[in-house]
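The tour goes from one selection to the next.

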Amino acid sequence: MEKIPLTRAGHTALNEELKTLKSIERPAVIRAIAEAREHGDLSENAEYHAAREKQSFIEGRVKELEGILSLAEVIDPAKLSGSVKFGAKVTVVDEDTDEEKTFQIVGEPEADIERGLLNIKSPLARALIGKDEGESVEVRTPGGEKSYEILSIVYS
C-alpha cells in the first residue's frame, strides 16, 4: 500500500478524532440503541433506526481513520527548506486580482481549504511543488486559468 503523507498536526488531529469516536461516541450510541430497544417494536422505532444509522457512520469512520493512520508517514516540515514541497506554507498572490493567500501543503486526509490546508494532490499544490520564491505558476482551475506568483515559502 502507498504511504499517506501527514504533518504532525494532521496526524495528531486524526488520532484525537479516533480516540473520541472510540471512547465517547461509540459507547454513547450503544447506550442509545439499548435505550431504544426498551421501547418495544423495533420495526417502527425511529430512535432505534437513527441510533443504528449513527453507529454505522461511527464504525465506518473508525475503520477509515485506522486505515489512514496505519499507512501514515509523518513528515516534519521544520526539517525541510528550499523550494516548495510537502509541509511548506506558501504565500502566493493572484496575478489578476492582487489577492494574497497563504496555504500549507498537506496530505489528503487533513486538507481543508477553508483553513488554508491545501491537498497535495490538488492542481494548485501540484503546480507549486518544486518552485521557488518569485516564480509564477499557471493553474487550470474549474473557474479557468489562474496565475499566481510565489511570495514566500516557510517551513515550520
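Predicted model: local features only at pLDDT ≥ 70, side-chain atom pairs only at ≥ 80, totals over all residues.

Residues are numbered from 1 along each chain as its sequence is written, and side-chain values use heavy atoms, with hydrogens and water left out. Helices (H or I, at least four residues) and strands (E, at least two) are DSSP runs, numbered from the N terminus.

Select residues 8–37, helix H1. Its 30 residues reach 42 Å from the first C-alpha to the last, close to the 44 Å expected at 1.5 Å a residue (1.5 Å times one less than the number of residues). At Leu-21, H1 bends by about 40°, the angle between axes fitted to the seven residues ending there and the seven starting there. Leu-21 is also among the buried residues of H1, as are Leu-14 and Leu-18 (buried: under 20% relative accessible area, 1.4 Å probe, protein chains only).

Next, select helix H2, residues 46–71, which is part of what covers the buried residues of H1. The end C-alpha atoms of H2 are 38 Å apart, in agreement with the 38 Å that its 26 residues should span. Its buried residues include Tyr-48, Arg-61 and Leu-65, and H1 is among the elements covering the buried residues of H2. At the N-terminal end, Asn-45 caps H2, with a side-chain oxygen 3.2 Å from the backbone nitrogen of Glu-47.

Finally, select strand E7, residues 144–154, which pairs with E3 (89–94) in the antiparallel sense over six bridges (pairing takes at least two DSSP bridges). Here Val-93 stands opposite Glu-149. Strand E6 (136–141) also runs antiparallel to E7, joined by six bridges, and a hairpin links the two through two residues.

Definitions and conventions
Buried < 20%, exposed > 50% of the residue type's maximum accessible area, 1.4 Å probe, protein only. Contact = heavy atoms within 4.5 Å. Polar contact = N/O pair within 3.5 Å; in protein donor to acceptor, adjacent residues only side chain to side chain.
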